[in-house]
Amino acid sequence: MGSTSDWETMRHAAETLDALGVAYETKVVSAHRTPQRLYDYAKSAADRGLKVVIAGAGGAAHLPGMAAAMTHLPVLGVPVESKALKGMDSLLSIVQMPGGIPVGTLAIGKPGAINAGLLAAAILATSDDALATRLKAWRAAQTDAVAEDPA
């Protein structure tokens, strides 16, 4: 995430990954304030065993795109809601990547963070049968929790 204040949003990705038994790491890596940390993090991600990167950022939100430019791993961008423009600035900054540097962009805020965790798990589940089983069970439980009647 781009700053510690982004944790309020990004913790939902972590909680989703926890629920699915997926190991992860959390780091504060700012594209603007800690560019060398970003470079080192993104360049070493694959060698350190990461398979997917979830990057959450607000405002100018350059973190997901910059990370994607420096790794071949899939990068999922979560626009963090900003005070000034309610996250639209973050969304547009992440989603408008030039052709050739893809960032899978999710919804603004908590729903995007949850879906980033689910999408990362789905990507990993393509080569992890146990995770695929857990993901299917999670989705079935979600379906079962929806009431048929409104009362």
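Tutor: By class, the lining of the second largest pocket comprises four nonpolar, six polar and two charged residues. The model is a predicted one, and this pocket holds about 150 Å³ of space.

The largest pocket has another make-up. About 540 Å³ of space lies within the largest pocket. Its lining divides into 21 nonpolar, two polar and three charged residues. Of the 26 residues that line the largest pocket, those nearest its centre are Tyr-24, Glu-25, Val-52, Val-53 and Ile-54. Two or more lining residues are contributed by each of helix 1 (7–19), helix 2 (35–44), strand 1 (53–58), helix 3 (63–69) and helix 5. Helix 1 supplies the largest share of this lining, namely five residues.

Tyr-41 links several of these places. Tyr-41 belongs to helix 2. Apart from neighbours within four places in sequence, Tyr-41 contacts Glu-25, Lys-27, Val-29, Arg-48 and Leu-50. Glu-25, one of these partners, is also among the residues nearest the centre of the largest pocket. The C-alpha atoms of Tyr-41 and Ala-67 are separated by 8.3 Å, although the two residues are 26 residues apart along the chain.

Two of the elements that line the largest pocket, helix 1 and helix 5, also pack against each other. Their axes lie 7 Å apart at an angle of about 30 degrees. Helix 1 is therefore roughly parallel to helix 5, because angles under 35 degrees count as roughly parallel. The crossing of helix 1 and helix 5 is right-handed. From helix 1, the contact uses Thr-9, Met-10, His-12, Ala-13, Thr-16 and Leu-17, and these face Lys-110, Ala-113, Ile-114, Gly-117 and Leu-118 of helix 5. By class, the contact of helix 1 with helix 5 has six nonpolar residues, four polar residues and one charged residue.

Helix 5 has a further partner in helix 6. Helix 5 (residues 110–125) and helix 6 (residues 129–144) pack with axes 8 Å apart, at an angle of about 140 degrees. That angle makes helix 5 oblique to helix 6, because an angle must be over 145 degrees to count as roughly antiparallel. The crossing of helix 5 and helix 6 is left-handed. Here Leu-118, Ala-121, Ala-122, Leu-124 and Ala-125 of helix 5 meet Leu-131, Ala-132, Leu-135 and Trp-138 of helix 6. The contact of helix 5 with helix 6 consists of nine nonpolar residues, with no polar and no charged ones. Leu-118 takes part in both helix contacts: with helix 1 and with helix 6.

Technical notes: Residues are numbered from 1 along each chain as its sequence is written. This is a predicted model: local features need pLDDT of at least 70, side-chain atom pairs count only at pLDDT 80 or more; totals for chains, interfaces and linings use all residues. Side-chain values use heavy atoms; hydrogens and water are left out. Axes are lines fitted to C-alpha atoms, for helices over the stretch in contact, and angles run from 0 to 180 degrees between N-to-C directions. Helices (H or I, at least four residues) and strands (E, at least two) are DSSP runs, numbered from the N terminus. Angles under 35 degrees count as roughly parallel, over 145 as roughly antiparallel, 65 to 115 as roughly perpendicular and the rest as oblique. A crossing is left-handed if the near helix is turned anticlockwise from the far one by less than a right angle, and right-handed if clockwise. Contact means heavy atoms within 4.5 Å. Ala, Val, Leu, Ile, Met, Phe, Trp, Tyr, Cys and Pro count as nonpolar, Asp, Glu, Lys and Arg as charged, and the others, Gly among them, as polar. On a 1 Å grid over the protein atoms alone, a cavity is a set of points where a 1.4 Å probe fits but cannot get out, and a pocket is an open set with protein on both sides within 12 Å along at least five of seven lines; lining residues have an atom within 4 Å of a point. Grid points are joined across faces, edges and corners, and a volume is the space filled by probe spheres set on the points.
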